[in-house]
Amino acid sequence: MCCRCPHPNRRQTLVLLAGAPLLAACKPQNEGPEDIRWGRETCAICGMIISDPHYAAEIRGGTDKHLSKFDDIGDAIIWLEAQDWKDDPAIEFWVRDYDTGTKWLDARKVFYRGGMVTPMDYGFAAVELPASDTVGYDDMRIAVIKHGLTLGCLQGAEYEQYR
């Protein structure tokens, strides 16, 4: 029999304990990559919907360790170059593995296959292992910066700072 005291009964306690992991899951992360809701989330620089997992990238950085998501490694590189904290060694930078589209890889430690048809036409896809048709992060980064924003990004007036 249940008393009329203000303390929780057994059923309420069980419900609270069962719901605790769900509440913890709602807490934003402050490290590591996060899942992308494919076809629902948009690129931080161009505003396009992120729909192809083979080219997606994420950067976590700044004083608040905010996570920004991108539809193309090129957009991520251009966006990072515009940040005043771009040289902070604590920045986390991931890219999806082109071969599987399922694994997050450290963008600075993998290799990039050029000549690809990518969402924003920068032409690079990340792969884990080096091959005769791949370049390292630094070479890819230089090529992207030299290329500059693609036409898709330049169409957004709010992105004038990246020109």
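Biologist: What should I know about the model and the numbering?
Modeller: The model is predicted, so local features need pLDDT of at least 70 and side-chain atom pairs count only at pLDDT 80 or more, while totals for chains, interfaces and linings use all residues. Residues are numbered from 1 along each chain as its sequence is written, and side-chain values use heavy atoms, with hydrogens and water left out.

Biologist: How many aromatic pairs does the structure hold?
Modeller: Four. Rings of Phe, Tyr and Trp (its six-membered ring) pair if their centres lie within 6.5 Å; planes under 30 degrees apart count as stacked, over 60 as edge-to-face and the rest as tilted.

Biologist: Why is the pair of phenylalanine 70 and tryptophan 79 called tilted?
Modeller: Because their planes stand at 55 degrees, with the ring centres 5.3 Å apart.

Biologist: And which kind of pair do tryptophan 79 and tryptophan 85 form?
Modeller: Tryptophan 79 and tryptophan 85 are edge-to-face, with 5.8 Å centre to centre and 70 degrees between the planes.

Biologist: Is tryptophan 85 buried or exposed?
Modeller: Buried, because its relative accessibility is 18%. Buried means under 20% relative accessible area, exposed over 50%, partly exposed in between (1.4 Å probe, protein chains only). Tryptophan 79 is buried as well, at 10%.

Biologist: New topic: which residues make up strand β3?
Modeller: Residues 92-96, and five of the five are buried. Strands (E, at least two residues) and helices (H or I, at least four) are DSSP runs, numbered from the N terminus.

Biologist: Which side chains of β3 point which way?
Modeller: Glu92, Trp94 and Arg96 point one way, and Phe93 and Val95 the other. In general, side chains in a regular strand alternate between the two faces of the sheet.

Biologist: What pairs with β3?
Modeller: Strand β1 (residues 57-61) runs antiparallel to β3, joined by four bridges. Strand β4 (residues 104-106) also pairs with β3 in the antiparallel sense, over three bridges. Two strands pair if DSSP finds at least two bridges between them. Tryptophan 94 has aspartate 106 in β4 as its bridge partner.

Biologist: Where does the charged end of arginine 96 sit?
Modeller: Over the ring of tryptophan 104, 4.8 Å from the ring centre. The test is that NZ of Lys or CZ of Arg is within 6 Å of the ring centre and within 35 degrees of the ring normal.

Biologist: In what order do the three strands of the open sheet come?
Modeller: β6-β5-β7, with antiparallel pairing. The edge strands are β6 (125-127) and β7 (134-136).
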